Amino acid sequence: MFYLCALASRAVLGQNGGMAASSYVFGVERSVLGQPWRWRADLSAGAAIAQAHGLPEAVGLVLAGRGAEVEAVCRLIKPTLRDWLPDPSIFQDMDRAAERLADAVRRREPIVVFGDYDVDGATSTALLVRVLRAVGGVVSFYIPDRMTEGYGPNVAAMTAIAQAGAKVVVTVDCGTQSFEPLAAAKAAGLDVVVVDHHKAGWALPEAFAVVNPNRLDDDAGTDYGHLAAVGVCFLLAVALNRVLRLSGWYNSCPEPDLMSLLDMVALGTVADVVALTGLNRVFVAQGLKVMARRGNIGLATLCDVARMDRAPTSGDLGFQLGPRINAGGRVGRSDLGTRLLISEAPGEARQIAEELDRLNAERKALEALTLDQALLAAPESDPVVVASGDGWHAGVIGIVAGRLKEKFGRPAVVIGVDGAVGKGSGRSVPGVDLGAAVLAAKDIGLLAAGGGHAMAAGLTIAADKVADFRAFLCERLAEDVAASMDGRALKLDAALAPGGVTPELGEQLDQAGPYGTGWPTPKVAVGPVTVVKCDIVGQDHVRVILSGKDGARIKAMAFRHGNTALGQALAGAGRRPLYVAGRINIDHWTGEPRAELHLDDAAWADGLG
């Protein structure tokens with residue numbers, strides 16, 4: 001069924017070239033978590049890519065498994081802005097927005113950037129503030145408080161901004177659904193430019209310009225609807241820069257270095273869990289290089305506080321830096337993330353970074369408590385898991401929704417109720433458009449407010465309508481969820497003998513990165529192995545030492561699996577042989593790189609019991 005090939009000087013098991021891509025890896029039709037193990041790509045396709053471009057076979061397999069065509073590999077493996085950046089003018093209202101901002105810069109009109117309190121909002125706000133200040137604009141920013149103001153523009157804030165003398169407001173990562181607040185802003189004499197990426201309906205708010213690739217009347221959205229808001233903001237910066245250049249503005253002042261801002265674009269893109277395909281791959285790949293140069297004082301300081309003493313990876317953006325930037329908006333001051341990202345003073349940056357680190361620890365404690373309560377309230381059999389509870393902190397409900405989604409493999413919405421009003425946040429699975437469902441629920445009056453994109457959404461709801469909303473989601477999304485679950489399998493890129501888990505292989509696989517949503521991290525099957533040691537560490541994480549017949553030993557972690565079938569199988573395996581599956585992680589903490597496995601699943605090797 002399998003054959004041996006040489007890779008990284010180790011034994012590596014791969015798929016037989018003549019077998020169908022649906023063949024089971026190691027013959028696993030049902031793992032301990034109840035899923036089949038399938039090949040992500042056909043070996044012949046991976047071999048063709050590797051041979052044509054002189055790449056390691058593992059890299060060819062990874063690229064083939066993500067739909068890469070032989071002729072497009074160079075653009076994918078070394079993505080550049082030259083190859084991928086579109087003319088910003090293809091987007092509806094982009095030129096109108098750029099011209100208005102350029103006019104405000106030239107006239108020294110006060111501009112306010114109105115952002116969101118999450119990472120995408122903070123990076124979007126900081127990017128435009130930096131650009132506008134660099135070109136001589138008079139600019140400040142406003143981040144609403146999550147608890148007292150909620151998401152997006154509100155009438156009181158718009159009125160106050162106008163009374164303070166602003167002429168132009170740029171809403172970033174919000175505004176597409178803000179009809180009443182933007183009508184109030186227009187009445188107060190503000191020109192509002194919306195820069196967003198959330199789902200839009202046919203009706204748009206009263207704004208000077210609405211730049212959003214997910215406008216229903218924007219044909220460019222077909223190719224760029226996956227952008228995070230910070231990516232759209234970068235395109236606006238490019239358009240603004242062009243208008244100012246053509247008008248001769250830079251005859252008397254230096255042109256800004258937009259490339260230096262890609263570190264923030266990368267951070268916002270990864271943290272917002274948008275697909276790392278197309279232009280987003282360029283933003284993240286190039287942004288990581290910029291971040292490694294540590295030019296942004298705030299980001300460099302945050303890396304130090306997070307004890308990151310090496311060049312960052314896309315995983316670091318999602319799991320180390322992103323949560324800390326988010327912590328201010330979740331459980332502290334909503335403007336801390338933006339203030340850090342625009343800071344030019346090392347002392348100030350250090351103070352903010354340490355505060356965000358402290359708030360992140362507080363957020364983790366709140367998250368754990370809310371997750372325990374949500375698990376008790378979650379109806380496990382529903383196609384969409386909707387859990388609600390009194391007093392759940394609005395700053396952690398989105399994270400808890402993500403945890404429920406991971407546990408049940410279905411979309412999840414978590415609603416924190418305060419008196420008669422609930423604030424909710426949802427996370428979805430591939431193939432199930434949660435944002436569209438939330439908009440539909442708002443349209444029929446089930447929600448007071450709501451919006452989002454395919455994989456995530458937010459909402460405001462009357463407490464007495466939660467049950468009706470749950471029923472609506474379950475009915476609307478049942479078919480899509482069933483289709484998603486029916487086609488679910490653990491997709492694997494290679495099968496290895498235990499000795500094949502090496503730092504060299506991990507480094508080879510990194511060549512096909514950056515990885516994230518839409519461009520998943522490579523996963524491998526390894527075995528057979530036996531468990532030498534197993535214990536629980538941290539918050540329900542399983543730590544194991546595995547041994548193979550080839551004499552190799554592997555350190556492995558199964559995060560948050562202490563009470564799952566996977567954790568129980570590892571703890572109770574004894575000398576019974578297993579196949580394990582997960583991703584190779586390179587551990588640099590000891591100085592010398594070491595390879596370990598981060599486990600997603602396991603299967604019994606003695607008859608695949």
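**Salt bridges in close-up**

**View 1. A network of salt bridges links Arg100, Asp103, Arg107, Glu109 and Asp191.** A salt bridge here is a side-chain nitrogen of Lys or Arg within 4 Å of a carboxyl oxygen of Asp or Glu. By this rule the count comes to 28 salt bridges. The model is predicted: local features need pLDDT of at least 70, side-chain atom pairs count only at pLDDT 80 or more, and totals for chains, interfaces and linings use all residues. Residues are numbered from 1 along each chain as its sequence is written, and side-chain values use heavy atoms, with hydrogens and water left out.

**View 2. Arg100 pairs with Glu109 in a salt bridge.** Their closest N and O atoms are 2.9 Å apart. Arg100 is buried at 10% relative accessibility, and Glu109 is buried at 14% (buried: under 20% relative accessible area; exposed: over 50%; partly exposed: in between; 1.4 Å probe, protein chains only).

**View 3. Arg100 also forms a salt bridge with Asp191.** Here the closest N and O atoms lie 2.8 Å apart. The pair links distant parts of the chain, with Arg100 in helix H5 (residues 94-107) and Asp191 in strand E7 (residues 191-195), 91 residues apart. Helices (H or I, at least four residues) and strands (E, at least two) are DSSP runs, numbered from the N terminus. Asp191 is partly exposed, at 25% relative accessibility.

**View 4. Arg560 forms a salt bridge with Glu406.** The closest N and O atoms are 3.1 Å apart. This pair too links distant parts of the chain, 154 residues apart: Arg560 sits in the loop between strand E18 (553-558) and helix H21 (565-572), Glu406 in helix H17 (residues 397-408). Arg560 is partly exposed, with a relative accessible area of 36%; Glu406 is partly exposed, with 46%.
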